[in-house]
Amino acid sequence: MGSGGSKNLSAEEHNTGRRPSQHELTNPPPQSTDLVPCDICGRKFAEDRIERHKEICMKTTTKEREAFDVREQRLDGTEAVNYKDVEVDTEIKKADWKKTHRDIINQIKAAKRDRPASGKREPEIEILT
C-alpha cells in the first residue's frame with residue numbers, strides 16, 4: 001500500500017541530508033511531547049510553546065471584534081458606493097381605509113339627499129293590463 005516512499009523509516013532516518021524548510025528555521029518543532037492545556041481557551045500545546053500561546057491568546061480574547069460588513073465590500077468599486085450612506089425612509093404611512101370608506105359613503109348619501117328635482121327618480125307605475 002502507499003506510494004512506495006519511505007519504508008517505515010523514523011523521522012531522523014528520513015530527514016538525513018535534507019535542508020530544513022524556512023518554516024522549520026523560524027518555527028522549530030516542539031522539544032517536548034507533553035501537552036499542557038491553555039488556561040484561557042483550553043487548547044493543548046507543548047510545554048515550551050504554551051507561554052507564547054498564552055500571550056497571543058490573551059491579546060485575541062480581549063479584543064472586541066468588529067462585525068464584518070458584507071454590504072460595504074459588495075458595493076466597493078461600483079457606482080452604488082455613492083449611495084451607500086443615503087437614508088431611505090422605509091416607514092410608509094398607510095391611509096386609514098376605514099375612515100376613507102366612511103367618508104365616501106357619507107358623501108354618496110348626502111349627494112342622493114340633496115340632488116336637484118330633475119335628478120330625482122320618479123316612482124315607477126306598473127300598468128296592469
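Before we start clicking, one definition: a helix here is a DSSP run of H or I at least four residues long, and helices are numbered from the N terminus. You'll want that for the stop at helix α5. Also keep in mind that you're looking at a predicted model.

**Stop 1: the whole chain.** Colour the protein chain by secondary structure.

How much of the chain is buried? Of its 129 residues, 5% count as buried. Contacts tell you something too: take those between residues at least 6 apart in sequence, and 0% of them join residues at least 24 apart.

**Stop 2: D39 and K54.** The whole structure holds three salt bridges, and we'll visit each of them. Select D39 and K54 and show their side chains: they meet in a salt bridge, with 3.1 Å from N to O. This pair links distant parts of the chain, 15 residues apart. D39 sits in the loop between β1 (35-37) and β2 (44-46), while K54 belongs to helix α3 (residues 50-62).

Are the two partners buried or exposed? D39 counts as exposed because its relative accessibility is 66%, and the cut-off for exposed is over 50%. K54 has 21% relative accessibility, so it counts as partly exposed; buried would mean under 20%.

**Stop 3: R52 and E55.** Stay on helix α3 and select R52 and E55. Their closest N and O atoms are 3.5 Å apart, and the two form a salt bridge. Why do they sit about one helical turn from each other? Because they are three residues apart in helix α3. Both are partly exposed: E55 at 45% relative accessibility and R52 at 48%.

**Stop 4: K99 and D103.** Move along to helix α5, residues 97-113, and select K99 and D103. Here is another salt bridge, with the closest N and O atoms 3.2 Å apart. Since K99 and D103 are four residues apart in the helix, about one helical turn separates them. Check the surface again: K99 counts as partly exposed at 43% relative accessibility, and D103 counts as partly exposed at 34%.

Methods
Residues numbered from 1 in each chain as written. Predicted model: local features only at pLDDT ≥ 70, side-chain atom pairs only at ≥ 80, totals over all residues. Heavy atoms only, no water. Buried < 20%, exposed > 50% of the residue type's maximum accessible area, 1.4 Å probe, protein only. Contact = heavy atoms within 4.5 Å. Salt bridge = Lys/Arg side-chain N within 4 Å of Asp/Glu carboxyl O. Helix = DSSP H or I, 4+ residues; strand = E, 2+ residues; numbered from the N terminus.
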